[in-house]
Amino acid sequence: MNGHEAQRMEFGIEAMNAYGGEAYLDIRTLFEKRGLDLTRFDNLLMEKKAVGMPWEDAITNGVNAAKALVDALTPEEQARIELVIASTESGVDFGKAISTYIHDHLGLHRRCRVFEVKQACYGGTAALQMALGFVASGVSPGAKALVIATDEARNGSRNTYHEPSQGTGAVALLVGSEPKVLSMDLGANGYYSYEVMDTCRPQVGIEAGDPDVSLLAYLDCLQNSFKGYAERVEGADFRTSFDYLAFHTPFAGMVKGAHRKMMRAFGGPGMGAAQIEEDFQRRIVPATRYCTQVGNIYSATVFLALCGLIDNANAQDFHRVGLFSYGSGCSSEFYSGTFDRNSQRVQARFDIGGHLARRHSLSMDEYERILDRSMEIGFGTKDAEVQVGDLSNLYARQFEGRKRLRLVRVKGFHREYAWT
């Protein structure tokens, strides 16, 4: 394939699936039990947060998201997956990438490039753009790439206002030259990045930072990455060029505030509160459907917003979506792609909404016990057995016989997994 042929072809997302855990906690319940200020609850625009089990980690989340994508491929198609990138800020080793575990438990061909990337919540977009560059380069015509954005919150935010928004989960994307879900606008990108100490994970189990600084950096990057996009894409207009918008969503209330600021800056004259609210409901709310049920899953969150949009949009023949990805520290990007009603048909087989609806609703007592046990197996654990213990009823209901990957033990730092 030469360069001109590559320019005529389309590249993008062929399929995607999300895993939002097998249990969740109601956010209002958490506010009430923790004694948090309920006047702040409505501003979050969140309903539930996904909660990981002691036998789950970023590796199991990633495999449980990707398994359905891989199983839907023929053996010949599986053999064309020549690149696997895992993005995470929840790694388990300074050297060994979690993508090696994921590649193994998905049973992928060994003729494959495998590695892990990290840039906070921007890591998923970094991996996607790297995968797109590979498949569109033409160096291996017909090759596919698997991008897996996967993360989990630690219990370090217990009893803080960070706790309600932090979730666990993963989104897997199959990237190639048959973009049945989202055809990417190659070259239509705006970047904006600089050093800032807004949020970080300086030690195992600790998430630190200044939420006000992070909010300001997010808003600054959204405005300036869109300006970068508009400089590259002739005629780009924030209000009219995109039928829908899907943003990195730490919590939906933050996205609503960011959208309001963008509409005041780029929406044109006479943009009042009523017009801004109508625009938010029409162009952004479909992308918040799943995020309000899972919480912030870091590098995967912008893709969870995209999953929600594709499944819940009033899809017609053609739509352009503007995507914004932000990762603390910081790096950001505004980019775009197109989808249509067939994208919904392709995605329907994964039934992401059904999966989220079938999760177990945790009591506060169950949630506290899970948090107490969540640090039993962490970064640097050398030897340990992972017990189901007092969560046996939940395990039997949500995991047993459902072919989920679970962590069984750690032996000499090596993590051993099995299918439930």
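Tutor: Ser328 lies in the loop that links β12 (319-327) to β13 (331-339), where helices (H or I, at least four residues) and strands (E, at least two) are DSSP runs numbered from the N terminus. This is a predicted model, in which local features need pLDDT of at least 70 and side-chain atom pairs count only at pLDDT 80 or more, while totals for chains, interfaces and linings use all residues. Residues are numbered from 1 along each chain as its sequence is written, and side-chain values use heavy atoms, with hydrogens and water left out.

Student: Why is Ser328 called buried?
Tutor: Buried means under 20% relative accessible area, exposed over 50%, and partly exposed in between, with a 1.4 Å probe and protein chains only. Ser328 has a relative accessible area of 12%, and therefore it is called buried.

Student: What makes the link between the side chains of Ser328 and Thr199 a polar contact?
Tutor: A polar contact is a pair of N or O atoms within 3.5 Å; within protein, one must be able to donate a hydrogen and the other to accept it, and residues adjacent in sequence count only if both atoms are side-chain atoms. The side chains of Ser328 and Thr199 make such a contact at 2.6 Å, and the side chain of Ser328 makes another with that of Asp198 at 3.3 Å.

Student: Which residues does Ser328 touch, not counting residues up to four places away in sequence?
Tutor: Taking contact as heavy atoms within 4.5 Å, Ser328 touches Gln119, Ala120, Cys121, Asp198, Thr199 and Ser214.

Student: What makes β3 and β14 edge strands?
Tutor: The open sheet of three strands has the order β3-β2-β14, with mixed pairing. Each of β3 and β14 pairs on one side only, and these are the edge strands.

Student: Which residues of helix α16 are buried, and what covers them?
Tutor: In α16 (residues 364-373), the buried residues are Met364, Glu366, Tyr367, Ile370, Leu371 and Arg373.

Technical notes:
Two strands pair if DSSP finds at least two bridges between them.
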